[in-house]
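Here are a few notes from my pass through this one.

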Amino acid sequence: MAPLTCDYEVPCSIPPARLFKAFFLDDHLITKMLPQAIKSVEIVEGDGGVGSIKLITFGEGSHYKGLKQRVDGIDKDNFTFSHTILESDAFSDKIEKVANVIKIEASADGGSICKTTSTCHPKGNTEEQIEGAKQEIKAAKETSSAMFKAVEAYLIANPDVYN
């Protein structure tokens, strides 16, 4: 089955450099802000940079335990971060992996636009596997948007951090 791709954008009032630092360069901010969503982020291989493997454990409120992701790219100059979700109990038997590329661009109002491309690789081509992949993309979009908005709210409330 061919991969399924979805592009989406999330507007944000925070400038790109500050948002990128908070969201992608500090693994622990999100665990402090949203412990019910993300309980912990642990580097299990590497130094946190490209090629590193991270184990992300979801919080008490989640239906799932967590995921394992590989950092595929970090471009601090162009505010781009890419990673592949290699394993997750949310995948069941329908999804092989999900690759994400997130680019934070400046918006005309001084804020940012977080542009994400998610590519979901189904394990097969049955209707159930394809539908599972579509649902994974939809859930990832909703979760990602909510997390960007939570980071935005935190940065607005804490104007001196991540400058």
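1. Is Lys54 buried or exposed? Keep in mind that this is a predicted model. Lys54 comes out at a relative accessible area of 3%, and since buried means under 20%, the lysine counts as buried.

2. So what does the side chain of Lys54 pair up with in a polar contact? The partner is the side chain of Asp27, at 2.9 Å. Lys54 itself sits in strand β3, which covers residues 53-58. Leaving aside neighbours within four places in sequence, the contacts of Lys54 include Val41, Glu42, Ile43 and Val44, as well as Gly48. Leu67, Lys68, Gln69 and Val71 are on that list too, along with Asp27.

3. Now the sheet. Seven strands make an open, antiparallel arrangement, running β1-β7-β6-β5-β4-β3-β2. The edges belong to β1 (4-12) and β2 (38-45); each has a single partner strand, so one side of each has no neighbour in the sheet. On average, and ignoring direction, neighbouring strands are turned by 25° against each other.

4. Zooming in on one pair: β2 and β3 are joined in the antiparallel sense by six bridges. Among the residues involved, Glu45 has Ile53 of β3 as its bridge partner.

5. Two helices pack on the sheet. Helix α1 (residues 16-24) touches β1, β4 (66-75), β5 (80-88), β6 (95-106) and β7 (112-122), and its direction makes about 150° with that of β6. Helix α3 touches β1, β2, β6 and β7, with its direction at about 15° to that of β1.

6. Finally, the core. The largest nonpolar core holds 38 residues, and Leu19, Phe24, Phe148 and Val151 have the most contacts inside it. Helix α3 (residues 127-157) gives the most to this core, with eight residues.

7. Which residues does Leu19 touch, leaving aside neighbours within four places in sequence? Phe148, Val151 and Leu155 are on the list, as are Cys12, Ile14 and Phe24. Ile104, Ser112 and Cys114 complete the set.

How values were computed:
Residues are numbered from 1 along each chain as its sequence is written. This is a predicted model: local features need pLDDT of at least 70, side-chain atom pairs count only at pLDDT 80 or more; totals for chains, interfaces and linings use all residues. Side-chain values use heavy atoms; hydrogens and water are left out. A nonpolar core is a set of buried Ala, Val, Leu, Ile, Met, Phe, Trp, Tyr and Cys residues joined through side-chain atoms within 4.5 Å. Buried means under 20% relative accessible area, exposed over 50%, partly exposed in between (1.4 Å probe, protein chains only). Helices (H or I, at least four residues) and strands (E, at least two) are DSSP runs, numbered from the N terminus. Contact means heavy atoms within 4.5 Å. A polar contact is a pair of N or O atoms within 3.5 Å; within protein, one must be able to donate a hydrogen and the other to accept it, and residues adjacent in sequence count only if both atoms are side-chain atoms. Two strands pair if DSSP finds at least two bridges between them. Axes are lines fitted to C-alpha atoms, for helices over the stretch in contact, and angles run from 0 to 180 degrees between N-to-C directions.
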